[in-house]
Amino acid sequence: MTRISAIARWSAAVLLAAGSASAFAHGFAGKRFFPATLATDDPFVADELSLPTVSRRKTGANGDEPATLETETSVDFTKRITQNFGVGLGATYVSQKPDGGESVRGFDNFAANVKYQFFKSDEHETILSVGVDWDIGNTGAKRIIGTETFSTLTPTVFAGKGFGDLPDSLPYLKPLAITGSVGVGLPTKSSTTTVADDGTETTAKNPNVLNVGFALEYSLLYLQSFVKDVGLSEPFNRLIPLVEVSMQKPLDGSGPTTGTINPGLLWAGRYMQFGLEAIIPMNKATGGKTGVLLQIHFFLDDLFPKSLGKPIFD
């Protein structure tokens, strides 16, 4: 945990230095600011950079495989081509330390995605998007960390809804917002055959997988600015408590539903955002222990509005 603690301390210092920013210009629908979530994807299209996202959790033993302490460090970059259409690239470096074994390290398969935001209602604080994620097979360290040799395409629908349009009789529910996504992972190979050193062949199915994620957020900035000034000062007036849930389910019935529940906090400034969450296994089938997830996220469309942070085609 020493390395993560050091990153967290450094991140906090950077954010406090940036805390004088006075306004947001990113991820809006009307008065609603939708932050970039850590464990699930957000519904808007923007120029942004996550550098880094770090997760650390011990997975459970599975058959002959021992429990493993796994640390992932990711970089994700997205770029708007037009105002409502963007592309993204991602890379993840994985470190695995199995119980009783030696550590192995290497890159996971690289990832790419496209997203199109087709609807936004400022009045109802709503955003809807569609996209496709591409896990690019055979681009990672297969011999080291066992990355897949096949690709997986995941068409996905994204949504975000703020509750600022609730009646005035429910003022303290207005800072609530929910974002979510539903997608199906479609592997390019239905099965994979491996050959052991003794020549024994083993075939494993690669099922289509339903991926569901959502985040429930409560914006203290929205509360203070548009509901009631409750006297919060920096940095507390920029906090967004949230709970994220990420679930996966093979559609051929070959396995149970697995996933994690991630309670945490986001701090959002004008140019950057910092997030810290726990990673809690949602059921016995998921296995493993509680971990930690942190992220430093940069709003490139606010940092570089006339160059890197603007759409290629206006």
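Which residue forms a salt bridge with K120? That is D122, with the closest N and O atoms 4.0 Å apart. By salt bridge I mean a side-chain nitrogen of Lys or Arg within 4 Å of a carboxyl oxygen of Asp or Glu. D122 is partly exposed, at 45% relative accessible area, and K120 is partly exposed too, at 44%. Partly exposed is the range between buried, under 20% relative accessible area, and exposed, over 50%, using a 1.4 Å probe and protein chains only.

Some background first. This is a predicted model, where local features need pLDDT of at least 70 and side-chain atom pairs count only at pLDDT 80 or more, while totals for chains, interfaces and linings use all residues. Residues are numbered from 1 along each chain as its sequence is written, and side-chain values use heavy atoms, with hydrogens and water left out.

Back to the salt bridges. The structure holds ten. One of them joins the side chains of K115 and D41, at 3.5 Å from N to O. K115 sits in strand β7 and D41 in the loop between β2 and β3, so this pair ties together parts 74 residues apart in sequence. Strands here are DSSP runs of E, at least two residues long, numbered from the N terminus. K115 is buried at 8% relative accessibility, whereas D41 is partly exposed at 31%. D42 belongs to a salt-bridge network with these two residues.

Another pair is K79 and D47, with closest N and O atoms 3.3 Å apart. K79 lies in strand β4 and D47 in the loop between β2 and β3, so parts 32 residues apart in sequence are tied together. Here both residues are buried.

The largest nonpolar core has nine residues, among them F33, L266 and F299. Such a core is a set of buried Ala, Val, Leu, Ile, Met, Phe, Trp, Tyr and Cys residues joined through side-chain atoms within 4.5 Å. Strands β14, β15 and β17 each give two or more residues to this core. Apart from it lies another core, of six residues, including A29 and F44.

Last, the surface. A nonpolar patch there has about 880 Å² of accessible area together, and its members include F85, Y116 and W134. Patch members have over 30% relative accessible area and no salt bridge, and nonpolar side chains (Val, Leu, Ile, Met, Phe, Trp, Tyr) are joined within 5 Å. The areas come from the Shrake-Rupley method with a 1.4 Å probe. Strand β7 gives the most to the patch, with four residues. W134 is in strand β8 and is partly exposed, at 39%.

Definitions and conventions. Patches are made of residues with over 30% relative accessible area and no salt bridge: like charges are joined within 9 Å, nonpolar side chains (Val, Leu, Ile, Met, Phe, Trp, Tyr) within 5 Å.
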